[in-house]
Amino acid sequence: MSSSSSVPDGKKLVRSPSGLRMVPEHGAFHSPFSLEEPCWVLDKECSRCMQCDTKFDFIRRKHHCRRCGRCFCDKCCSKKFPLPRMCFVDPVRQCSACSLVSQREADFYDKQVKLLLSGGTFSVTLGTTDKGETMSCRLANNHRYLFLDGESHFEVELTRISSIQVLTEGSSPEGGGSRASGLLIQYKPMGSQDAQTLRLDTTPDHKGAAHWLAAMHKAAKLLYESRDQ
Ligand code: ZN
Ligand code: ZN
């Protein structure tokens, strides 16, 4: 059975031509990782499969890829895959190129997002101060903020991050063997136009935090890819 019977707080079910989606009740609370549904290529503009060039007729029907909105024959667009970035409840039809991207992203949602939500402990340096504070850093449940908690507390809104750079240690000239040891984040605090630098460094006591850094790096790639589109 589908899992659509239980709707978490703050979410609602909406039906789009592509399927059932579970989205935040307020559009302003969309996850920064979420993608808009594409406009579908119009039927009248598409007489052949956009991958194998098969001509459509009464037998060879056209299908739209839910991720790119392009038009394909059944053979080139037959499989359904999860598409968490568009909030679909069930797997949806996708072309082969899109399904590869979606499968990578499903992996990110299954593993990395869980890591990011559970958090990691770092030595945190803000701006030009050289004294780091031990803080736990985690992604908010709505994916919109990084929460940093220690003696002090502050948060970074993901959409206000302009760059994320992974710092590594132990890298060899051949490029192998490097391990994420820190993260340099440039962002604009809410209500400010001045960029702030935030640095997270792993500490000997919390070596597991390197996995959190790697997950954050993947998250940053997803964010930049969707901004560039
Ligand atoms: Zn085809
Ligand atoms: Zn596609």
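**Close-up views of a predicted model**

**View 1. Strands β7 and β8 form an antiparallel pair.** One of the residues to look for is Val124, whose bridge partner in β8 is Glu133. The hairpin of β7 and β8 has 6 residues between the strands. Within this hairpin, Gly127 has a positive phi near 65 degrees.

**View 2. Strand β8 also pairs with strand β9.** Strand β9 is made of residues 145-149 and runs antiparallel to β8, with 4 bridges between them. Leu139 has Leu146 of β9 as its bridge partner. Here too the two strands form a hairpin, with 5 residues between β8 and β9. His143 lies in the turn and takes a positive phi of about 70 degrees.

**View 3. Strand β9 pairs with strand β10 in the antiparallel sense.** The pairing of β9 and β10 extends over 5 bridges. Leu146 can be found again in this view: its bridge partner in β10 is Val156.

**View 4. An open sheet is built from 7 strands.** Strands of a sheet pair through backbone hydrogen bonds, either parallel or antiparallel. In this sheet the pairing is antiparallel, and the strands follow the order β10-β9-β8-β7-β13-β12-β11. The edges are taken by β10 (153-157) and β11 (161-169). Each of these has a single partner strand, so one side of β10 and one side of β11 have no neighbour in the sheet. On average, neighbouring strands are turned by 30 degrees against each other, with direction ignored. Helix α1 packs on the sheet, where it touches β7 and β8. The direction of α1 makes about 140 degrees with that of β8.

**View 5. Four cysteines hold the zinc ion (ligand 2).** The protein donors are the SG atoms of Cys65, Cys68, Cys95 and Cys98, at 2.3 to 2.4 Å from the zinc ion. The angles among the 4 donor atoms are 99 to 121 degrees, and the site is tetrahedral. Along the chain, the donors of the zinc ion (ligand 2) follow the spacing C-x2-C-x26-C-x2-C. Cys65 and Cys95 link distant parts of the chain, being 30 residues apart. Cys65 sits in the loop between β3 (63-64) and β4 (71-72), while Cys95 belongs to the loop between β6 (92-93) and α1 (96-118). Are these two cysteines buried or exposed? Cys65 has a relative accessible area of 0%, so this residue is buried. Cys95 is buried as well, with a relative accessible area of 1%.

**View 6. Thr203 lies in a loop between a strand and a helix.** Thr203 counts as buried because its relative accessibility is 16%, and the cut-off for buried is under 20%. Leaving out residues up to four places away in sequence, Thr203 touches Phe122 and Ser123.

**View 7. The protein is assigned two domains, domain 1 and domain 2.** Domain 1 spans residues 35-115 and domain 2 spans residues 119-228 in the domain assignment. The C-alpha centres of domain 1 and domain 2 are 33 Å apart. Where the domains meet, 8 residues of domain 1 are in contact with 9 residues of domain 2.

Definitions and conventions. Residues numbered from 1 in each chain as written. Chains lettered and ligands numbered in written order. Predicted model: local features only at pLDDT ≥ 70, side-chain atom pairs only at ≥ 80, totals over all residues. Heavy atoms only, no water. Donors = N, O, S within 2.8 Å, 3.2 Å for Na, K, Ca; no water. Tetrahedral: all angles 85-135°; square planar, octahedral: opposite > 155°, others 65-115°. Buried < 20%, exposed > 50% of the residue type's maximum accessible area, 1.4 Å probe, protein only. Pairing = 2+ DSSP bridges. Axes fitted to C-alpha atoms, helices over the stretch in contact; angles between N-to-C directions. Contact = heavy atoms within 4.5 Å. Domains from an automatic or database assignment.
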